[in-house]
Amino acid sequence: MLFGGDILVKGSVSLARDVGVSEAVIGVTLVAFGTSLPELAAATVSAVRGHSGLALGTVIGSNIFNISGIVGIAAVAAPLAVPAQTYLFDIWVMLGVTAFLFVFLAGLWKTTRLVGVLFLTMYCLFIAAQVYGVERLLGLFNSIS
């Protein structure tokens, strides 16, 4: 799986660059997917065997480790530049989706397949905004109001 994930990431990134896809879109789609393959496999097996808590814990734990551990170590090694788009758009989308997810994790609302489709749709809309250009999208919203 590790070897396949590496090939998937390298090949996809190379192809995306050749087509002209931005580094930000490559990062939030192809690299994120490729590096998450082991967690996705473990979560899928756990969910199929009826251990949904373990599946959820695997995914959330992996994300927390990636954000805190990997980004933290990289920032200690060399300062990381944070694009303005992250402050103006990405972080707010992340916070909103996290707050929405918390409602389900706290057991206030029931998680269904429709909820899964909703979260997948939100991710696809986020990626579409990245591809279209968040600057253009925000400019569009500014011109409307």
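This is a predicted model: local features need pLDDT of at least 70, side-chain atom pairs count only at pLDDT 80 or more; totals for chains, interfaces and linings use all residues.

Reply: Residues are numbered from 1 along each chain as its sequence is written, and side-chain values use heavy atoms, with hydrogens and water left out.

Me: How many helices and strands does the protein chain have?

Reply: The protein chain has 6 helices and 0 strands, in the order α-α-α-α-α-α from the N terminus. Helices here are DSSP runs of H or I with at least four residues, strands are runs of E with at least two, and both are numbered from the N terminus. The C-alpha atoms fill a box of roughly 45 × 40 × 30 Å along the principal axes.

Me: What span should helix H4 have, and how far apart are its end C-alpha atoms?

Reply: The expected span is 1.5 Å times one less than the number of residues. H4 covers residues 84–105, which is 22 residues, so it should span 32 Å; its end C-alpha atoms are 31 Å apart, which agrees. H4 also bends by about 40 degrees at Asp90, the bend being the angle between axes fitted to the seven residues ending there and the seven starting there. After H4 comes Gly107, with a positive phi near 80 degrees.

Me: Where is the kink in helix H2?

Reply: In H2 (residues 23–48) a kink of about 55 degrees lies at Leu37, shortly before the proline Pro38. H2 is followed by Gly50, whose phi is positive, near 90 degrees.

Me: Why is Thr44 called partly exposed?

Reply: Buried means under 20% relative accessible area, exposed means over 50%, and partly exposed is in between (1.4 Å probe, protein chains only). Thr44, in helix H2, has a relative accessible area of 47%, so it is partly exposed. The buried residues of H2 include Val25, Ile26 and Gly34. In the protein chain, buried residues make up 19% of the 145 residues.

Me: Why is Ile64 called exposed?

Reply: Ile64 has a relative accessible area of 51%, so it counts as exposed. Ile64 is found in helix H3.

Me: What makes up the nonpolar patch on the surface?

Reply: Leu56, Ile60, Ile64 and Leu105 form the patch, with about 320 Å² of accessible area together. Such areas come from the Shrake-Rupley method with a 1.4 Å probe, and for residues only the protein chains shown count as cover. Patch residues have over 30% relative accessible area and no salt bridge; like charges are joined within 9 Å, and nonpolar side chains (Val, Leu, Ile, Met, Phe, Trp, Tyr) within 5 Å. A salt bridge is a side-chain nitrogen of Lys or Arg within 4 Å of a carboxyl oxygen of Asp or Glu. Helix H3 (residues 52–77) gives the most to the patch, with 3 residues.

Me: Which residues make up the largest nonpolar core?

Reply: The 6 residues are Phe89, Phe126, Ile127, Ala129, Val134 and Leu137. Helices H5 (113–132) and H6 (134–144) each give two or more residues to this core, and H5 gives the most, with 3. A nonpolar core is a set of buried Ala, Val, Leu, Ile, Met, Phe, Trp, Tyr and Cys residues joined through side-chain atoms within 4.5 Å. Phe89 is also among the buried residues of H4.
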